Amino acid sequence: QVQLVESGGGSVQTGGSLRLSCAASGVTFQYTYNNNCVGWFRQAPGKEREGVASIYIGSGGTRYADSVKGRFTISRDNRKNTVYLQMNNLKPDDTAMYYCAAKIGACGVDWVILNKYNTWGQGTQVTVSS
């Protein structure tokens, strides 16, 4: 059974930084890990879940939402089956529950579509105060 576990959330002030981690486990997943797109999503209270960034494990190719370009960086450590989201210059609008998710295949232009992903983590809370 594939599992994704997020960590690294917390409370920071405006302009601060956090690094989120998404660790993947599961016997089957390890053999197909390189052919996965892993995305970070977030959901603020009263708002829809939205895509933040994605990375294709095999090539390392990345995609970002316009709202986080230049501030967030997604990366992966294949030895640890872990994807990271480095978040710098955080703003109050970044406050949300952050989730990672995985789907087989390349990320593509549809990386922001939630129902394309078949595995989700439980989420980690990020709170940015002004």
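Arginine 49 lies over the face of tryptophan 120, 5.0 Å from the ring centre, where a charge sits over a ring if NZ of Lys or CZ of Arg is within 6 Å of the ring centre and within 35 degrees of the ring normal. Lysine 103 is placed over the face of tyrosine 117, with 5.8 Å to the ring centre. The model is predicted, so that local features need pLDDT of at least 70 and side-chain atom pairs count only at pLDDT 80 or more, while totals for chains, interfaces and linings use all residues. Residues are numbered from 1 along each chain as its sequence is written, and side-chain values use heavy atoms, with hydrogens and water left out.

**Aromatic cluster**

Rings of Phe, Tyr and Trp (its six-membered ring) pair if their centres lie within 6.5 Å, and planes under 30 degrees apart count as stacked, over 60 as edge-to-face and the rest as tilted. Phenylalanine 41 and tyrosine 117 form an edge-to-face pair, with 5.0 Å from centre to centre and 80 degrees between the planes. This pair links distant parts of the chain, since phenylalanine 41 belongs to strand β4 (residues 36-43) and tyrosine 117 to the loop between β9 (96-104) and β10 (119-120), 76 residues apart; helices (H or I, at least four residues) and strands (E, at least two) are DSSP runs, numbered from the N terminus. The rings of phenylalanine 41 and tryptophan 120 have their centres 5.0 Å apart and their planes at 50 degrees, so this pair is tilted. Because phenylalanine 41 lies in strand β4 and tryptophan 120 in strand β10, the pair ties together parts that are 79 residues apart in sequence.

Phenylalanine 41 is buried, with a relative accessible area of 0%, and tyrosine 117 is buried as well, whereas tryptophan 120, at 27% relative accessibility, counts as partly exposed. Here buried means under 20% relative accessible area, exposed over 50%, and partly exposed in between (1.4 Å probe, protein chains only).

**Salt bridges**

The structure holds six salt bridges, a salt bridge being a side-chain nitrogen of Lys or Arg within 4 Å of a carboxyl oxygen of Asp or Glu. Three of these are among those listed here.

| Arginine 42 | Aspartate 94 | 2.8 Å |

Arginine 42 lies in strand β4 and aspartate 94 in the loop between β8 (82-87) and β9, so their pair ties together parts that are 52 residues apart in sequence. Arginine 71, in turn, lies in the loop between β6 (62-64) and β7 (72-77), so its pair with aspartate 94 ties together parts that are 23 residues apart in sequence. Arginine 42 counts as buried at 6% relative accessibility, aspartate 94 counts as buried at 1%, and arginine 71 is buried too. Arg42, Arg71 and Asp94 are linked with Glu50 in a network of salt bridges. Lysine 116, by contrast, is partly exposed, with a relative accessible area of 41%, and aspartate 110 is partly exposed at 23%.

**Glutamine 125**

Glutamine 125 lies in strand β11 (residues 124-129) and is partly exposed, with a relative accessible area of 37%. Glutamine 125 and glycine 10 are 115 residues apart in sequence, and their C-alpha atoms are 6.2 Å apart in space. Leaving aside its neighbours within four places in sequence, glutamine 125 is in contact (heavy atoms within 4.5 Å) with Gly9, Gly10, Thr95, Ala96 and Met97.
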